[in-house]
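Please examine the protein structure shown below.

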Amino acid sequence: FKSYVGVLQVGSKVIEILPKADNKSYGEQSRSKWQSALLRMLQMAGYIKLNETDSASQNITRRNLLDIYLYAFIKEVERLTHLGLVKKYHHHVGNEKVLKGRLLLSKHIQHNLVHKERFYSEHTVYDHNNKYNSILKTALNIVKNCSSDISIKQTVSQQLLYFTDIDSWRGPVSELDKLNFDRKTEQYQDPISLAKLIIGNYCPDFSAGNQHILALLFDMNKLFENYIFKCLKKLSCLSLANICC
């Protein structure tokens, strides 16, 4: 893995790649120490968002970094479903039982010579079926397929009930970097950033083994640089505040 840290899951096997900067023998105490250090860096660098209550509960109930990351994503989705999923306008073309919008005559004749009760039309729809919610649904399905934690699977199944009428997102991962956020969707930034890493690092049915693979890996060089930058920025803000006081 060279300079990469994080976690890799193949089927039910989970491998943690943790930073290590001491000469002590590896054991559970050492693992806990460096897992906490990595989590702290990921939080400070903005890769993962955890509050103090979440952090305390995860130290008891979560066994590996992957579960902690997936738990953070699920908590963000729960927050959104509690507030209400965003609605957007989108263009819809299809064969409907009720005439809405503009009738597409050529398509209507082609598809409905027998089905006189239908109308092939195009119209604008305002609902939850948009790219933002589709991305979250795709990530939730990945978590459901990959996680071996029963409580995570149960929570995901409950959350997917809110996404029943929403299509799963299909497209290149590069599209996720081009997603724009406005006043209505700014609350999606954190869950989408978590979902992006889950979708971008998921390899279903790899090779002939029929095992799902999910890898959440971070370049330790970039992570450490970002962590130090955020620490210095925080210290400089505190120093400036003290001077002003």
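This is a predicted model: local features need pLDDT of at least 70, side-chain atom pairs count only at pLDDT 80 or more; totals for chains, interfaces and linings use all residues.

Tutor: Residues are numbered from 1 along each chain as its sequence is written, and side-chain values use heavy atoms, with hydrogens and water left out.

Student: In the open sheet of three strands, what is the order of the strands?

Tutor: Strands are DSSP runs of E with at least two residues, and helices are runs of H or I with at least four, numbered from the N terminus. Two strands pair if DSSP finds at least two bridges between them. β3 (88-96) and β4 (102-103) each have a single partner strand, so both stand at the edges. The pairing is antiparallel, and the order is β3-β5-β4.

Student: Which residue in β5 is the bridge partner of R102?

Tutor: β4 and β5 pair in the antiparallel sense over two bridges. In β5, the residue that partners R102 is E122.

Student: Is E16 buried or exposed?

Tutor: Buried means under 20% relative accessible area, exposed over 50%, and partly exposed in between, with a 1.4 Å probe and protein chains only. The relative accessibility of E16 is 18%, so E16 counts as buried.

Student: How far apart are the closest N and O atoms in the salt bridge of E16 with R31?

Tutor: A salt bridge is a side-chain nitrogen of Lys or Arg within 4 Å of a carboxyl oxygen of Asp or Glu. In the pair of E16 and R31, the closest N and O atoms are separated by 3.0 Å. E16 belongs to strand β2 and R31 to helix α1 (residues 28-45), so the pair ties together parts 15 residues apart in sequence. The N and O distance asked for is 3.0 Å.

Student: In which helix do E76 and R79 lie?

Tutor: The side chains of E76 and R79 meet in a salt bridge of 2.7 Å, N to O. These residues are three apart, about one turn of the helix, and the helix is α3 (residues 65-83).

Student: What accessible area do L99, L103, L105, I109, L113 and V114 have together?

Tutor: Patches are made of residues with over 30% relative accessible area and no salt bridge; like charges are joined within 9 Å, and nonpolar side chains (Val, Leu, Ile, Met, Phe, Trp, Tyr) within 5 Å. Accessible areas come from the Shrake-Rupley method with a 1.4 Å probe, and for residues only the protein chains shown count as cover. One member, L113, counts as exposed at 57% relative accessibility. Together the six form a nonpolar surface patch with an accessible area of about 580 Å².
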